[in-house]
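Visitor: I've got a structure to look over, and I'd like to know where its labels come from. Can you walk me through them?

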Amino acid sequence: MNASATISLLAQAAPTVSGWLAVGMIIGLLFFAVIFFYSWRYKKVGPNQAIIIFGRKGASGPRVCKGGGSIVWPIVERGEIISLELMTIDVTTEKIYTATGVSINVEATAQVKIHGDEISIKTASERFLSMPTNQIMDVARQTLEGHLRAIVGTLTVEQIYKDRDAFASKVQEVATGDLANMGLAIDSFTLRDIQDEEGYLDALGKPRTAQVKRDAIIAEAEAKRDADIKAAQ
C-alpha cells in the first residue's frame, strides 16, 4: 500500500474515532453526574435516628427510613431527621393527696423514647417533627405526672410506702397507652423518693425502727448472758 492510500484510510477513520471519543466522554459525564446526584441527595441516618421523607404529590404518606439511607428527590421531597434516642425524664410532683388525704411529694425517673416501628415513627413525626428534644420530654413528663397524681389519689400512704415497685409498675402500665398514642414508649419508671411535710412517713417508720433496736438489745443481752454462763462454768 502506497503512502497516498494510507493517508486516505486514516482520513476516513478519523471521524469514526472522534465520534467514539465523544460518546465515551458523554457516558463518562453522565456517570459522574449520576454519582454526584446520589451523593448530593442520598440522606443517611444512624441506628438511633430515622428520616421522615415527605412532600411528593400523590404519595400515600411520608416515607420512613430507620438506621439507613434513602434518596430525597429535589424540589418535590423534603427529609427531616427524628431522634430515637432514650430520654431520661425526672418526674417531680409536690403535694399530691392520697386516698386518706395525706399530702406527699413524689420523685421518680422515667426512660422514654420514640418507638422504633414504622407506625410509631410516623405517629411521633406528626406531633414532634422539628420539635426540640426538651419539648418532647416536657410533653412526656406532663403525661406521666398526670397519671402519677391520679394513681396516688387511689392509694394510701401505707400502700405506696410498703410496695414502691408495685406503685411504679402501675404508673408505667397506665401511662403506656397514652404515650403509645404519641408514638412514644416507656422503657422504665422508677420511684426515687417519697416525702411528706407532716411527719407521716417518719411515724410509719418508727415502729419498725423501735423493733429493730429492741431486737438488737435483746440479742446483745442474750449474747452477754451466754458469755457469762460459759465464764462461770
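Visitor: What share of the residues in the protein is buried?
Guide: In this predicted model, buried residues account for 28% of the 233 residues. To be called buried, a residue has to be under 20% relative accessible area.

Visitor: What makes Ile75 count as exposed?
Guide: Its relative accessibility is 89%, and the cut-off for exposed is over 50%, so Ile75 counts as exposed. You'll find Ile75 in the loop between strand S4 (69-71) and S5.

Visitor: Which residues make the nonpolar surface patch?
Guide: Trp73, Ile75 and Val76 make it, and the patch covers about 350 Å².

Visitor: Let's turn to H2. Which residues in helix H2 are buried?
Guide: H2 spans residues 118-128, and its buried residues are Ser120, Ile121, Thr123, Ala124, Ser125 and Phe128.

Visitor: What do the buried residues of H2 pack against?
Guide: Their partners include strand S2 (49-54), strand S7 (103-114), helix H3 (133-152) and strand S8 (184-195). Packing here rests on contact, which means heavy atoms within 4.5 Å.

Visitor: How do you know that Asp117 has a polar contact at the start of H2?
Guide: A side-chain oxygen of Asp117 comes to within 3.3 Å of the backbone nitrogen of Ile119. The limit for such an N or O pair is 3.5 Å, so this one qualifies.

Technical notes: Residues are numbered from 1 along each chain as its sequence is written. This is a predicted model: local features need pLDDT of at least 70, side-chain atom pairs count only at pLDDT 80 or more; totals for chains, interfaces and linings use all residues. Side-chain values use heavy atoms; hydrogens and water are left out. Buried means under 20% relative accessible area, exposed over 50%, partly exposed in between (1.4 Å probe, protein chains only). Helices (H or I, at least four residues) and strands (E, at least two) are DSSP runs, numbered from the N terminus. A polar contact is a pair of N or O atoms within 3.5 Å; within protein, one must be able to donate a hydrogen and the other to accept it, and residues adjacent in sequence count only if both atoms are side-chain atoms. Patches are made of residues with over 30% relative accessible area and no salt bridge: like charges are joined within 9 Å, nonpolar side chains (Val, Leu, Ile, Met, Phe, Trp, Tyr) within 5 Å. Accessible areas come from the Shrake-Rupley method with a 1.4 Å probe; for residues, only the protein chains shown count as cover. A salt bridge is a side-chain nitrogen of Lys or Arg within 4 Å of a carboxyl oxygen of Asp or Glu.
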